[in-house]
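Please examine the structure below together with its sequence. The paragraphs that follow lead from the ligand to one helix and then to several single residues.

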Amino acid sequence: MKELSGKTAFVTGGSRGIGRAICIALAEAGADIALNYSAADDQAHDVVKHLKEKLKVKAQAYKTDISDETSVRAMIEEVEKRFGRVTILVNNAGINRDKSFVRMTRAMWDEVLGVNLNGPFNVTNALLSGMIEEGWGRVINISSMGGQTGNFGQANYTVTKGGLIAFTMTLAREVARKGVTVNAVSPGYTATDMTSGMPDAVKDQVQQMIPMGRMGEPEEIASTVAFLAGPKSSYITGQVLSVNGGMYM
Ligand code: NAP
């Protein structure tokens, strides 16, 4: 038996980048995986294939915009029909729409808050009661270093990531006696599609500011999530685990 055998994890934004690596890390620990995504059909199906064929767990992809509460409810019903109770939730999906605040439109603000904050509300709201009834659960929110430090051109994004840290602490207090832990993982710069568009000169500058001198790999975020999902983290709740190469201490 692996440490997450018999458990089901729901991972938002599991088709690419950090979410993909999280699905793989949790499946390596034995969990069945329901993964959500919004557009990238081929990549989502590739992840499912890998999970089923290589890691031999139950896996299914669900295409749903997590900012839409009605669609999320319908998706979670489908997930529970197929997998039974979900006791591990990773709120990973996130987007950025960067501009300095004077140029930021209301639409850019609303879009980012819709996915990065309302999304975790919608999904957590649909899954938390089941974890409480079960007397065991893990909620892991993927925040960002920007939510701890602020970042030029990211007022919308950083407000969601700081908000997720506050959400983590409040929810942790509310469910601490119900067997459910709630923690945040806060990545620094990580090599995914989200950062691949940065100009090389900016990437070089960033790498010089990172004590370890390089960006993180998605697998380095995923292994932290797997630790928080597993039994060895049983007395950790309401915490932010920073995985950033020392960039913010
Ligand atoms: P990514 O490569 O851009 O992948 C984003 C994922 O979110 C994709 O699976 C995407 O699905 C999904 N998604 C986007 N909008 C969605 C929606 N409305 N509903 C459902 N799913 C949606 O991003 P990443 O770099 O892996 O980032 C993952 C998380 O880590 C995010 O919360 C991000 O803010 C955070 N983070 C990233 C970094 C970094 O440097 N990369 C640093 C700190 C924090 P599709 O594939 O279908 O589009």
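A residue is near a molecule or strand if one of its heavy atoms lies within 4 Å of it. Of the 32 residues around the ligand, those that come nearest are Ser15, Ala39, Asn92, Tyr157 and Thr192. The model is a predicted one, in which local features need pLDDT of at least 70 and side-chain atom pairs count only at pLDDT 80 or more, while totals for chains, interfaces and linings use all residues. Residues are numbered from 1 along each chain as its sequence is written, and side-chain values use heavy atoms, with hydrogens and water left out.

The classes of residue in this shell can be considered next. Ala, Val, Leu, Ile, Met, Phe, Trp, Tyr, Cys and Pro count as nonpolar, Asp, Glu, Lys and Arg as charged, and the others, Gly among them, as polar. By this scheme, the shell around the ligand holds 13 nonpolar, 15 polar and four charged residues.

Polar contacts (pairs of N or O atoms within 3.5 Å; within protein, one must be able to donate a hydrogen and the other to accept it, and residues adjacent in sequence count only if both atoms are side-chain atoms) deserve attention here. A polar side-chain atom of Tyr157 lies 2.5 Å from an oxygen atom of the ligand. A polar backbone atom of Thr190 is 2.8 Å from an oxygen atom of the ligand, and a backbone N or O atom of Ile66 lies 3.1 Å from a nitrogen atom of the ligand. Taken alone, the ligand exposes 900 Å², of which the protein buries 93%; accessible areas come from the Shrake-Rupley method with a 1.4 Å probe, and for residues only the protein chains shown count as cover.

Which elements give two or more residues to the shell around the ligand? They are helix H1 (17-28), strand S2 (32-37), helix H6 (155-175) and helix H7 (193-196). Helices (H or I, at least four residues) and strands (E, at least two) are DSSP runs, numbered from the N terminus. The largest share of the shell, three residues, comes from H7.

Helix H2 (residues 41-53) can be checked by its length. The expected span of a helix is 1.5 Å times one less than its number of residues. For the 13 residues of H2 this gives 18 Å, which agrees with the 18 Å between its end C-alpha atoms. Buried means under 20% relative accessible area, exposed over 50%, and partly exposed in between (1.4 Å probe, protein chains only). In H2, Ala44, Val47, Val48 and Leu51 are buried. They cover an arc of only 100 degrees around the axis, which puts them on the same side of H2; the arc is that of the directions from the helix axis to the C-beta atoms. An α-helix has 3.6 residues a turn, so residues three or four places apart point the same way. On the other side of H2, Asp42 and Asp46 are exposed.

Some single residues complete the tour. Arg20, found in helix H1, is partly exposed, with a relative accessible area of 34%. Its C-alpha atom is separated by 9.6 Å from that of Val48, 28 residues apart along the chain. Lys56, in the loop between H2 and strand S3 (59-63), counts as exposed at 67% relative accessibility.
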